[in-house]
Amino acid sequence: MLLEVRDLHVEFHTRDGVAKAVNGVSYQVDAGETLAILGESGCGKSVTAQAVMGILDMPPGRITGGEVLFQGRDLLKLKEEERRRVRGAGMAMIFQDALSSLNPVIPVGDQLGEMFVVHRGMSWKEARARAVELMDRVRIPAARERVRQYPHQFSGGMRQRIMIAMAIALEPALIIADEPTTALDVTVQAQVMDLLAELQREYRMGLVLITHDLGVVADVADRIAVMYAGRIVESAPVYDIYKAPAHPYTRGLLDSIPRLDQKGQELYAIRGLPPNLTRIPPGCAFHPRCPLARGLCRADEPPLFEVSATRGSACHFWRECLDG
Ligand SMILES: Nc1ncnc2c1ncn2[C@@H]1O[C@H](COP(=O)(O)OP(=O)(O)OP(=O)(O)O)[C@@H](O)[C@H]1O
Ligand code: SF4
Ligand SMILES: [Mg+2]
C-alpha cells in the first residue's frame, strides 16, 4: 500500500476551546489509484492533508494520535530531516490558489528548473530544458517562449497547469490535490481535472483529490471518502456511492448537485450547517441535520459499519439509507 492513514487525530487549541478537526480518520491509497475526499467546508479535509504532508501549522495544530504510513514507514515517527527527505522524494501537493504558491518575481521556468537543480543536481541549462519539456507536457502553448514569463502573465488555468508541472516534476509516487480547480471557470476546471487524471494514470501515481464538488469526482476517482466533522462517515467505490449512498449525509451531498435535466427547479440543500468543531454534537455528529435521526443517534456515536468488503458507513441506519 502506498499511503495508509490510520486513526489520525488533530486538534487546534483556540480561544474558543479545543477544535477537534480530525477525529480518527483512516484511509488508504494505492499506486495508480484516485481517492476523492469530499465534504462541506470546515470538516477537516485540508487539515488531514496537511498532517499527511507534514505542513500542518504546529502550534496551533497538534497531532494527538494516529499513523501516516507512506510506503510502509510511519512518517510521524521519523526524525524531521528524514521525514522531509522521504516526503520530498515521494509526495507532492497541489493547492487551490496557484498565484499565492508561485513566486511572483521569478520566471516560471526558473521556478520549475530550480527543482531539478536542487533535487537532481542538474546544471541550469539542463534544468531550463526540462522546464520547457514539463510545460509542454501540461500543454502550455509556446512553452519555449513562455518559460521566461512571470506568474501574473498566465491565466488562472495556465497557472494551475504550472502547479501540476511542479508537482509531477520529480515523479512523486503520491500527489495530494486540495481543491485544485475550485478557483477556475467551469470549462477550465474540466480541462485541468482531465489533465491531472491523465498524468496520474500515465505515471501510476496515487492521487488524493480533495473537493467539495461531487460533480467533478465521478469521472476521475476510484473511491470516495466522505468527511463530516473530522470523521470519515462513508467510504466506498465511486460506483457504489452514485448508485445508492449508505449514509444520509452522502445522500444530502448527492441531492445537492445541480442537474441539467432539472433546470429551473429549486436546488436541494442539506438543512442547517456543519457543527463548530469545538462543540461537536454527541452521538452521531450529523444528527441535528439528519432526516433519519432518532433517539439512538443522539446517544451513541456510530462506528464505521462494514457495509461490504469495500464499503463502510458510520450510520446506525445505513440499511435504511441504502434502501432509499
Ligand atoms: N490554523 C487554524 N487554527 C485554528 N483552527 C483551525 C486552523 N486550521 C483549521 N482549523 C480548524 O479545523 C477545521 C477544519 O479545517 P479544514 O481547513 O481542514 O477544513 P476543510 O474541510 O478543508 O474546509 P474547506 O472546504 O473550507 O477547505 C476548521 O473548521 C477549524 O475549526
Ligand atoms: S446515525 Fe442517525 S443521525 Fe447519524 S446519519 Fe445515521 S440516521 Fe442520521
Ligand atoms: Mg480545505
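**Spans, ligands and domains**

Modeller: The end C-alpha atoms of residues 3-254 are 27 Å apart, and this span is 41% helix and 28% strand. Helices (H or I, at least four residues) and strands (E, at least two) are DSSP runs, numbered from the N terminus. This is a predicted model: local features need pLDDT of at least 70, side-chain atom pairs count only at pLDDT 80 or more, and totals for chains, interfaces and linings use all residues. Residues are numbered from 1 along each chain as its sequence is written, while chains are lettered from A and ligands numbered from 1 in the order in which they are written.

Colleague: Which element gives the most to the shell around ligand 1?

Modeller: Near means that a residue's C-beta atom, placed from the backbone, lies within 6 Å of the molecule. β1 (3-14), β2 (17-29) and α1 (45-53) each supply at least two residues of that shell. The top contributor, with three residues, is α1.

Colleague: How many residues surround ligand 2?

Modeller: Among the closest are Cys284, Cys290 and Leu292.

Colleague: Which element gives the most to the side of domain 1 that touches domain 2?

Modeller: An automatic or database assignment sets the bounds: domain 1 (1-101 + 171-221) and domain 2 (246-324). In contact means C-beta atoms, placed from the backbone, within 7 Å; 13 residues of domain 1 meet seven of domain 2 this way. Two or more residues on the domain 1 side come from each of β2 and α9 (214-217). With five residues, the one that gives the most is β2.

Methods: Contact = placed C-beta atoms within 7 Å.
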